[in-house]
Amino acid sequence: MNLGRRDFLQLMGIAGAASFFSPGAAQSAWGADADPYEIPDYGNVTLLHMTDSHAQLLPVWWREPDTNIGVGPALNQTPHLCGKWMLDYYGVATPASNEYAYSCLDYDTLAHKYGKIGGYAHIVSLVKRYRAQRGDKVLMLDGGDSWQGSATSLWTKGADMVGAQNLLGVDDFVGHWEFTYGQDQVEHLVKTELKANFLAQNIFSNTWQELVFKPYHIHEVSGRKIAVIGQAFPFTPIANPRHFMPDWGFGIHTEHMQKMVTECREQHHVDLVVVLSHNGADVDKKMSSLVNGIDIILGGHTHDIMGPKPFMVNKTLIINTSTNGKILARFDLDVGKGKLNGWRFHYLPVFSNLIKEDAEMSAYIQKVRAPYKDKLAQPLAITESLLYRRDNFNGTFDQLICNALCEEMDCEVSFSPGFRWGYCKLPGETITMEDVMGQTAITYPQVTVNTYTGEEIKNIMEQVADNIFNPNPYYQQGGDMIRVGNIQYDFDPDEKIYHRCSNMRVGGKSISATKKYKVAGWASMKPVEGKPIWEVFAHWLQSKKQVRVDKLDLPALNKDMANNHGIAFPKSYDL
Amino acid sequence: MNKTIHRRQFLGTTLATGAVAAAAGIGLIKPRLAFADNVPGWPAKAFDAKVLKDAMSNTIGKTQVAVSSKVKLTAPSIAENGGAVPVTIEIDSPMTADDYIATVYLFVDHNPTPLTSQFTFTPACGQAYIQERIKMAKTDNVRVVAKTNKGEFMASAPREVKVTIGGCGG
């Protein structure tokens, strides 16, 4: 695909609109000939932030969700905004091409026009450029979930990504899916391979309640002391199998966070406190309302567009930096003695067609992929539909997985986890083994068949729903609703646990509380035997040759959701 | 703990059921039924109560206690393992001979035994601080009541700990 000059200028518009200055300063206006990634110098410290790349070394398609419902205090608040609501909130509705960066609107049309996003060779080009511009004023921070999500990361147990992080020059790093490689592998990579500091103020040994990792690192930049406090995903042993990290306890640990902030400020006399967080956007907002003294939270986990303008809680600036390498966030800061005097923020979509690949990273990526090249490229089927995962309820990719599970395992019902990673495929593209791994590459991939009563099915769905739609962010885990195959239901996100799902049917027939149903699923919390999901899914795809999604098993939402700004296409939910 | 509590002292002042704290692990505290009625100082009736109201009546003689910011209860919002939920209790008290926390009660509203643990302190403890692990079968409220040497009661705000099947993490 080639970008014409007109397209290029439109894209500059996107990047230009994405830059906001601190209050009082005028918004940046790019000149007609300007380079969209050219940023004027400001201040004495630059923070670069990326997060949740999910091990995508190469550029991918990434569609923003059409459904990301906010309940309680998050109702219609960023980042629970989809489609036009997101564009309106940030005031970036025009030009029309902005849709591509921040919304799900006209996705496949715009994808053909603007190309894939991310890619480590592209990201590192930008990072090197900013390091050249800003010299030693730059810190590069990685918000976690960088070691998981691709075939090669799974097959090298995260090592391919550590190599990429080292070339990228990551200074500090926090974790979530990293822990699913097991305690020993994490400790091995962190101690012997990774050059970055691996930080966590909220991981304690289960035996003695002692910190497992360094809680923070203090950097000297431009003669100022910058504390970066690490916050791992607080619910790792709940959202992912605990047997991978049996000796480590997690949690949000708000009080300990306050203690760390106070320690940095009072004992170490730092000038700026940054939290590199894998809490998720809503938890970050709540935590910042309870902890004093954090200047900036660089957030991840929930994969949200939360730029292009930072969200403020009290005096804390909070962002969330998307996923799959789509966004590089840049804070230029004027850090004075003991305080932040001013800031400028730039939320930069990484359009791979606009950035020249870095040769060194490119060669590295080719090298790590070489041993697996044939396996990765194996064609399985052609898709007629746009395939995506990210949404509150079934995405099209998961619908295919659910359909495959029902057919391959001979079950009337199937479940698939509400993961938020997993990139897109455009209509007409060939689904390869690499793409299947891009939706399934986890360390607990076994497919299981269980017999559940209707009551047990409802209980599972209610428990998961409460992990997403509990109005208190501290009770949210940050995934999406469990994906269902052949279950139809009504759903009210505003209800309490055990009351959200109703009118449940299997194959159109009312579900019976006592009847037993054969249910296929994968990603069990306990160690189990079974074929890996990628094998089952690949086999199904090969047998179909051509796939499409005509019907999504989406719930019918209650009527007052019609105006929820977290829903871009209310008609999908009978609204 | 900032001040040292000797092992003997600690074990001597801890009564617990459902707590998988160090004391139980060492095996010094026998299962409840084994010594329900015949050990001096064991509040058998309180630990036998099956509902919160009874457990509170039997221990502190009332079912409502005013919440005080002096009673600090730390528990996870979501339990990683319902079989061992870490709970930390800290009560702001001078712990002098005239003014100290005498007893601390920990309740879980719907546990089979709502009075989960009871601790006795003396001024020599130096600090009213407890860290233990308790069992919880389902999402429930955890609450602490503290009694001073003068017989005054104060409570923590109830803290909801969610026990969930988990999975599906982003």
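Student: Which pattern does chain B follow, read along the sequence?
Tutor: Chain B runs α-β-α-α-α-β-β-β-β-β-β-β-β along the sequence. Helices (H or I, at least four residues) and strands (E, at least two) are DSSP runs, numbered from the N terminus. This is a predicted model, in which local features need pLDDT of at least 70 and side-chain atom pairs count only at pLDDT 80 or more, while totals for chains, interfaces and linings use all residues. Residues are numbered from 1 along each chain as its sequence is written, and chains are lettered from A and ligands numbered from 1 in the order in which they are written.

Student: How many of the residues in chain B are buried?
Tutor: Of the 170 residues in chain B, 42% are buried. A residue is buried if 20 or more other C-beta atoms lie within 10 Å of its own, exposed if 12 or fewer, and partly exposed in between, with C-beta atoms placed from the backbone.

Student: Is strand β5 of chain B largely enclosed or open, and why?
Tutor: Strand β5 (residues 115-120) of chain B has five of its six residues buried, so it is largely enclosed by the rest of the structure.

Student: What joins β4(B) to β5(B)?
Tutor: A hairpin of six residues links β4(B) with β5(B). Strand β4 (residues 101-108) of chain B pairs with β5(B) in the antiparallel sense over five bridges. Two strands pair if DSSP finds at least two bridges between them. Across this pairing, Thr103(B) faces Thr120(B) in β5(B).

Student: Turning to chain A, what is the order of the strands in its open sheet?
Tutor: The four strands of that sheet in chain A stand in the order β23-β22-β21-β26, with mixed pairing. Its edge strands are β23 (509-510) and β26 (556-557) of chain A, each pairing on one side only.

Student: And how do β21 and β22 of chain A pair?
Tutor: Strand β21 (residues 487-491) and strand β22 (residues 501-506) of chain A are antiparallel, with four bridges. Here Ile487(A) is opposite Val506(A) in β22(A).

Student: How do α14(A) and α17(A) pack?
Tutor: Helix α14 (residues 396-409) of chain A and α17(A) have axes 9 Å apart, at an angle of about 90 degrees. α14(A) is therefore roughly perpendicular to α17(A). Axes are lines fitted to C-alpha atoms, for helices over the stretch in contact, and angles run from 0 to 180 degrees between N-to-C directions. Angles under 35 degrees count as roughly parallel, over 145 as roughly antiparallel, 65 to 115 as roughly perpendicular and the rest as oblique.

Student: What about α15(A) and α17(A), at which angle do they cross?
Tutor: Helix α15 (residues 433-440) and helix α17 (residues 533-544) of chain A cross at roughly 135 degrees, and their axes come within 10 Å. The two helices, α15(A) and α17(A), are therefore oblique to each other. On the α15(A) side, Met433(A), Val436(A), Met437(A) and Thr440(A) meet Ile533(A), Trp534(A), Phe537(A) and Ala538(A) in α17(A). The residues of this contact are seven nonpolar, one polar and no charged. Ala, Val, Leu, Ile, Met, Phe, Trp, Tyr, Cys and Pro count as nonpolar, Asp, Glu, Lys and Arg as charged, and the others, Gly among them, as polar.

Student: How many residues of chain A are in contact with chain B?
Tutor: There are 30 residues of chain A in contact with 15 residues of chain B. Two residues are in contact if their C-beta atoms, placed from the backbone, lie within 7 Å.

Student: Which helix gives the most to that side of chain A?
Tutor: α16(A) gives the most to the side of chain A that touches chain B, with four residues. That side of chain A has 15 nonpolar, twelve polar and three charged residues.
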